[in-house]
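These are my notebook entries on one structure. I set down what I looked up, entry by entry.

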Amino acid sequence: MKKYVVIGNPIEHSLSPKLHGYWFKKYGIDAIYEKAQVLDGELEQVISKIKKGEINGANVTVPHKSKVIKYLDALSEDAEETQSVNTIYKKEDKIYGANTDTFGFEQSLFEKHSNIKNKQVLILGAGGVTPSIICVLQKLKVNKILISNRTKYNAEKLKEKFTNIDVVNWGETPSADFIINTTSVGLHSNDLINIDYDKIGTNKFYYDVIYKPSKTNFLREAEKRGNKIENGKLMFIYQAQKAFEIWHKTKPEVNREVEELLDD
Ligand code: ATR
């Protein structure tokens with residue numbers, strides 16, 4: 001039986017075991033998928049288990065997506081560009097790191113028929129997932145990317161890598177067509193994001209990387225004003241689909257049943 005694991009800290013909330021477990025059953029794959037709370041100092045040990053074949057693959061989540069890179073032998077193009085790894089696998093005795101969050105985000109936009117070419121984008125947050133979002137937006141040729149983060153320094157660090165982005169002060173509301181929350185604000189039901197929704201206008205597209213709760217206050221406020229909204233559920237599902245494909249050479253189907261699996 002093959003063994004897969006998602007590593008992070010905290011990790012209790014992860015729905016990856018449920019999703020991969022569902023697909024194992026559906027496609028008759030003899031494997032288990034577990035979650036493991038892993039501290040920084042334990043990362044090397046996890047990678048060594050993958051090297052020895054004790055674990056066949058791993059997903060990586062907050063806060064290890066960048067930290068794990070130094071223990072890997074090679075990176076996919078997206079992982080290299082974003083310095084973010086969420087999927088690890090072994091091939092010919094080498095340990096590879098891939099970033100499937102980029103695919104997940106792009107595919108979720110594609111599925112929702114969201115044409116963002118030449119649009120002005122405001123990203124809130126400069127955390128672990130933000131480089132993946134920027135990478136896709138650049139690929140899809142948006143007109144301009146503005147980043148606003150509570151700690152401005154973190155946004156400015158991102159600008160060193162992605163030189164075309166502009167940094168906006170936290171709390172300021174520039175005009176934008178597509179507004180993406182990549183912060184962790186919204187995970188708790190009373191979390192509020194301090195932007196001027198009325199100033200942004202209507203007929204905009206608001207996207208929250210958070211999918212639990214399924215409608216954050218950010219999305220609620222946007223919807224109230226007649227904007228299009230989307231949470232991070234499809235992004236999560238499609239990053240898992242890509243990881244599954246890397247490990248098992250089978251592209252699992254994403255359908256309503258899969259989406260409902262992750263609902264509260
Ligand atoms: P990471 O993904 O890097 O591990 P995180 O704790 O999940 O970190 O936080 C991701 C993002 O949420 C960061 O942009 C963080 O802003 P800072 O760079 O200022 O820390 C943002 N964030 C977390 N809590 C916040 C809050 N209460 N208000 C505003 N932004 C917040």
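In which helix does S132 lie? I find S132 in helix α5, where helices (H or I, at least four residues) and strands (E, at least two) are DSSP runs numbered from the N terminus.

Before going further, I note that this is a predicted model, in which local features need pLDDT of at least 70, side-chain atom pairs count only at pLDDT 80 or more, and totals for chains, interfaces and linings use all residues. Residues are numbered from 1 along each chain as its sequence is written, and side-chain values use heavy atoms, with hydrogens and water left out.

I looked up S132 and found a relative accessible area of 1%, so S132 is buried (under 20% relative accessible area; exposed is over 50%, partly exposed in between; 1.4 Å probe, protein chains only). The S132 side chain makes a polar contact of 3.0 Å with the side chain of N99; such a contact is a pair of N or O atoms within 3.5 Å, and within protein one must be able to donate a hydrogen and the other to accept it, while residues adjacent in sequence count only if both atoms are side-chain atoms. Setting aside neighbours within four places in sequence, I list T82, S84, N99, D101 and T102 in contact with S132 (heavy atoms within 4.5 Å).

I then turned to T130, also placed in helix α5 (residues 130–139). T130 has a relative accessible area of 0% and is therefore buried. Not counting residues up to four places away in sequence, T130 touches I123, G125, I147, L158 and T182.

Entry on the ligand. Which residues come nearest to the ligand? Of the 13 residues around the ligand, I record A126, N149, R150, T151 and N154 as the nearest (a heavy atom within 4 Å counts as near). A polar side-chain atom of T151 is 2.5 Å from a ligand oxygen. Polar backbone atoms also lie by ligand oxygen atoms, at 2.9 Å for A126 and 3.2 Å for S184. The protein covers 66% of the 630 Å² of accessible area that the ligand has on its own (Shrake-Rupley method, 1.4 Å probe).

Entry on strand β11 (residues 205–208). I found F205 and Y207 buried on one side, and Y206 and D208 buried on the other. β11 pairs in the parallel sense with β10 (residues 178–181) over four bridges, pairing requiring at least two DSSP bridges; N181 has D208 as its bridge partner. β11 also pairs in the parallel sense with β12 (residues 228–230), over three bridges, and F205 is partnered by K228.
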